[in-house]
Amino acid sequence: MQCGIEVWAYKGLSNNLAFKVPDAYIIVKKICFVLQIQLAVTYMNNLKIPASGHSFGAQYYSPQKTIIMDQMNDLKALLKHDVQMLVSVEDQIIKALPAMIKRATSQQLKKALDEHLNITKRQRLRLDQINQLMSASEEDVTKYSGVLANLMGGTKCKGMDGIIDEGEKIMAENLSDEVMDAAIIGACQKVEHFEIASYGTARTYAQELGLTQVAQLLQQTLDEEYMADQELTSLAEQRINQRAMSGSSMPDSMTM
Ligand SMILES: [Fe+2]
């Protein structure tokens, strides 16, 4: 039988996994999650009667504490799963970016994507470092049942696979250079937003679990993703979308 907090926690986590809410909302949900746990601990402390061990309070204390510990263990398993998915995300981006760089016509866009490819390769190595810190073990993965067991099976992030697939379909179309550049920027920003949501969620899990070094490494990549997104927005707003709307084919040097 699940207590109310457990049901609430799973509901919150499943909402996060849908990636349909802004990062800030996810953080608020996590804060609420921690507050719920702190509130439950306060209740348990109030109920605990340190006498014979057969009191009403003592009967309730151990099961409640076990539930909370199980929740934190589940959260760690969920973080491990999310890190594995981020490995898949970065691998897919590293594989997809060269074609986007080749298809882009703006030299400024080509340069930005090329730089981000190098950053992505470093982010992929950072995930190896995170995995080592977390020292994932097979026992942790195999003991889960139900929803978490379903999460643990996959090795490829289908969300990123879909976003990249959509981008590749657009790149296969016969578009003008300007519109193609705008489409590539749009596709890359979808990638960045997915990464921002994913890294933001994983970073918050690590913070909740007290995994400070892991949280710092995830934050480092999250900051890089925000910067990449801002650079793409700048490219789209300042130059490329304007050229697409006007239908002009002015060289880069004339639009600066
Ligand atoms: Fe990345």
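Figure 1. Residues are numbered from 1 along each chain as its sequence is written. Because the model is predicted, local features need pLDDT of at least 70 and side-chain atom pairs count only at pLDDT 80 or more, while totals for chains, interfaces and linings use all residues. Of the 256 residues of the protein chain, 29% count as buried, a term that requires 20 or more other C-beta atoms, placed from the backbone, within 10 Å of the residue's own.

**Figure 2. The largest nonpolar core.** This core (a set of buried Ala, Val, Leu, Ile, Met, Phe, Trp, Tyr and Cys residues joined through C-beta atoms within 7 Å) has 42 residues, and those with the most contacts inside it are Ile-184, Ala-202 and Leu-218. Two or more residues each are given to this core by helix H3 (56-103), helix H4 (107-134), helix H7 (158-171), helix H8 (177-208) and H9, and the largest share, 14 residues, comes from H8. Leaving aside neighbours within four places in sequence, Ala-202 is in contact (C-beta atoms, placed from the backbone, within 7 Å) with Leu-79, Asp-82, Val-83, Leu-86 and Leu-218.

**Figure 3. The contact of H7 with H8.** The axes of these two helices, lines fitted to C-alpha atoms over the stretch in contact, come within 9 Å and cross at roughly 175° on a scale from 0 to 180 degrees between N-to-C directions. That makes H7 roughly antiparallel to H8, a description used for angles over 145 degrees. Gly-159, Met-160, Ile-163, Glu-166, Gly-167, Ile-170 and Met-171 in H7 meet Ala-183, Ile-184, Ala-187, Lys-190, Val-191 and Phe-194 in H8.

Figure 4. Leu-222, which lies in helix H9 (residues 212-246), is buried because 22 other C-beta atoms lie within 10 Å. Not counting residues up to four places away in sequence, Leu-222 touches Ile-196, Tyr-199, Gly-200 and Arg-203. Leu-222 and Ser-198 are 24 residues apart in sequence and 8.9 Å apart in space, C-alpha to C-alpha.

**Figure 5. Helix H4 and the residue just after it.** The buried residues of H4 are Leu-109, Ala-112, Leu-113, His-116, Thr-120, Gln-123, Leu-127 and Ile-130. Just after H4, Ser-135 takes a positive phi of about 40°.

Methods: Helix = DSSP H or I, 4+ residues; strand = E, 2+ residues; numbered from the N terminus. Buried ≥ 20, exposed ≤ 12 C-beta atoms within 10 Å, placed from the backbone. Contact = placed C-beta atoms within 7 Å. Parallel < 35°, antiparallel > 145°, perpendicular 65-115°, else oblique.
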